[in-house]
Amino acid sequence: MDEKENIKERNEICSKTLKTGSRTYFFDARETRAGDYYLTITESKKNFSETGEITYKKHKIYLYKEDFSKFQSILDDMIRFIINEKGREVISERHQKDFKNHTTYSHNQEIKDVPKKTSNVKDFTNINFEDI
């Protein structure tokens, strides 16, 4: 095994994958040179060239332990905000392969288990992501 393979093997600690249509998300716990862990989140999106060749466009986020709490807090706030504003259902036809709109919703209907709307995102502090 050469040095590059050894570093890669040591660096990758734990991985999880989420496939969603044309996108795949990779969540990887990695090890720093100092022996601490950090998280990388990679979005890989499948694209097709004019010749039909498949390519992948990737975006990567590096998240270190000192930022976990702040990152999770903002992520929780934003998820809660979006659910409060638009509900849990996906409302875009292009995101559903077999979309059939048999039900119409009025803008006054509330979605179960979702708190009433608020215009102030700051009201959503101290929300646990697992409670959503």
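## Overall composition

Of the 132 residues of the protein chain, 15% count as buried, where buried means under 20% relative accessible area, exposed means over 50%, and partly exposed lies in between (1.4 Å probe, protein chains only). The model is predicted, so local features need pLDDT of at least 70 and side-chain atom pairs count only at pLDDT 80 or more, whereas totals for chains, interfaces and linings use all residues. Residues are numbered from 1 along each chain as its sequence is written, and side-chain values use heavy atoms, without hydrogens and water.

The protein chain contains 2 helices and 4 strands; these are DSSP runs numbered from the N terminus, with helices (H or I) of at least four residues and strands (E) of at least two. Read from the N terminus, the order of elements is α-β-β-β-β-α.

## Pairing of the strands

Strands β1 (residues 12-20) and β2 (residues 23-31) run antiparallel and are joined by 8 bridges; two strands pair if DSSP finds at least two bridges between them. Within this pair, L18 has Y25 in β2 as its bridge partner. The two strands form a hairpin with 2 residues between them, and G21 in the turn has a positive phi of about 65 degrees.

Strand β2 also pairs with β3 in the antiparallel sense, over 9 bridges, and D28 has its bridge partner, T40, in β3. The hairpin of β2 and β3 has 5 residues between the strands, with G35 in the turn at a positive phi of about 95 degrees. Strand β3 pairs in turn with β4 (residues 54-64), again antiparallel, over 11 bridges. T40 has Y62 in β4 as its bridge partner. In the hairpin of β3 and β4, 5 residues lie between the strands and G52 takes a positive phi near 90 degrees.

## A buried and an exposed residue

T42 lies in strand β3 (residues 37-48). Is this residue buried or exposed? T42 is buried, because its relative accessible area is 6%. Apart from neighbours within four places in sequence, T42 is in contact (heavy atoms within 4.5 Å) with T24, Y25, F26, K58, H59 and K60.

Y56, found in strand β4, counts as exposed because its relative accessibility is 51%. In a regular strand, the side chains alternate between the two faces of the sheet.

## The surface

The protein chain exposes about 11,500 Å², of which carbon and sulfur atoms supply 50%. Accessible areas come from the Shrake-Rupley method with a 1.4 Å probe; for residues, only the protein chains shown count as cover.
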